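Work through these exercises with the structure open. Try each task before you read its solution.

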Amino acid sequence: MSEAQEAQEAQEAQEAQEAQVEAQTEDRRPLRRPDWLKIQLRTGSDFKELKKIMRTDGLHTVCEEARCPNIYECWAHRTATFMILGNICTRACRFCAVTAGKPTELDLAEPERVAEATVKMGLRHVVVTSVARDDLQDGGAAVFAATIRAIRKASPECKVEVLIPDFMGRPESLATVLEARPDILNHNIETVRRLSDRVRSKAKYERSLELLQRSKSLQPEIPTKSSIMLGVGENWDEILETMDDLRAVGTGIMTIGQYLQPTRRHLLVERYYTPEEFALLRKEGKSRGLLHVESGPLVRSSYHAHEQAQGAM
Ligand code: SF4
């Protein structure tokens, strides 16, 4: 079969899968959200101040774009996750609220502005992430590296964690990021092996594992981290298998949280896990050799990030 035919078949398979998910989403009613997921809105003065800094400096945070349920708590503790490389993603994962489409021009002053905001906000642990920029040759790796260096220069005490896309598996992009010496290399595997193609767009379960493994072989002393969200149709054994897979490629930190449907157009929640089940998973992760496991209904990739870093280091 020619490459063009293969690409055509892959495209058709993805479209069929998306149509199936859409049909499923339309036909069913969402599950009632349990009480332990009710979030209190607390827009105090810290929250308002941080929002003002973000807007004045023209910055994006994943806290806002992804409608993170912990935004009030994290911002009150002066922790934030910057989203670089614009706010339009070249992928369209079925769970994600970030806008998909044609990305904006690269903003070469962005690393400096992130560094300045880090200082203004007095951050001690900053997380830098991005949309997927499959339109760029290096997937945006050079901008990640420049942002790490700019933060280091402006705020030498601040720990820098990067939450990177898979860069389509390009080893040289990963190497570019690692050469800038982040304190933590985070890449989310998002879900279990069986559901990966259905839930994520263009990403591959194996490719994510490969990236985490490669990071460890290139820079063994930089801790690696990954996350999954629960409630998209996985079963218990598959969650444990994912823990084992992550551990096998040297991942030290894992976060586990409940998937929440951001809008009616996104994947339905198949199941709400109880706080007790999350606690059990934390134990399972630790007994499987993970150094730090943050597991809870409202846990997100960057939740309590500074504590995770201490735990793994
Ligand atoms: S790659 Fe997927 S999860 Fe990441 S920002 Fe884009 S759509 Fe969201």
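**Exercise 1. Find the residues that surround the ligand, then sort them by class.**

Solution. Start with the cut-off: a residue is near a molecule if one of its heavy atoms lies within 4 Å of it. The residues around the ligand are Cys 89, Arg 91, Cys 93, Phe 95, Cys 96 and Ala 132. Now sort them. Ala, Val, Leu, Ile, Met, Phe, Trp, Tyr, Cys and Pro count as nonpolar, Asp, Glu, Lys and Arg as charged, and the others, Gly among them, as polar. The shell then holds five nonpolar residues, one charged residue and no polar residue.

A note on the source: this is a predicted model, in which local features need pLDDT of at least 70 and side-chain atom pairs count only at pLDDT 80 or more, while totals for chains, interfaces and linings use all residues. Residues are numbered from 1 along each chain as its sequence is written, and side-chain values use heavy atoms, with hydrogens and water left out.

**Exercise 2. Describe how helix α5 and helix α6 meet.**

Solution. First locate them: α5 spans residues 110-121 and α6 spans residues 141-154. Helices (H or I, at least four residues) and strands (E, at least two) are DSSP runs, numbered from the N terminus. Next, the geometry. The two axes come within 8 Å and cross at roughly 35 degrees. Axes are lines fitted to C-alpha atoms, for helices over the stretch in contact, and angles run from 0 to 180 degrees between N-to-C directions.

Then list the residues in contact (heavy atoms within 4.5 Å). From α5 come Glu 110, Pro 111, Glu 112, Val 114, Ala 115, Thr 118 and Val 119. They meet Val 143, Ala 146, Thr 147, Ala 150, Ile 151 and Ala 154 in α6. By class, this contact has nine nonpolar, two polar and two charged residues.

**Exercise 3. Is Lys 102 buried or exposed?**

Solution. Buried means under 20% relative accessible area, exposed over 50%, partly exposed in between (1.4 Å probe, protein chains only). Lys 102 has a relative accessible area of 75%, so it is exposed. Look for Lys 102 in the loop between β4 (99-100) and α5. Lys 102 and Arg 133 are 31 residues apart in sequence, and their C-alpha atoms are 9.5 Å apart in space.

**Exercise 4. Which residues is Ser 227 in contact with, leaving aside its neighbours within four places in sequence?**

Solution. Go to strand β8 (residues 224-230), the place of Ser 227. Its relative accessibility is 5%, so Ser 227 counts as buried. Its contacts are His 187, Asn 188, Ile 189, Glu 190, Thr 255 and Ser 301.

**Exercise 5. Examine the phi of Leu 85 and of Glu 190.**

Solution. Most residues other than glycine have a negative phi. Leu 85 is not a glycine, yet its phi is positive, about 70 degrees. Leu 85 sits in the loop between β2 (81-84) and β3 (88-89). At 3% relative accessibility, Leu 85 is buried.

Glu 190 also has a positive phi of about 70 degrees. Its loop runs between β7 (184-186) and α8 (196-199). Glu 190 counts as buried, at 18% relative accessibility.
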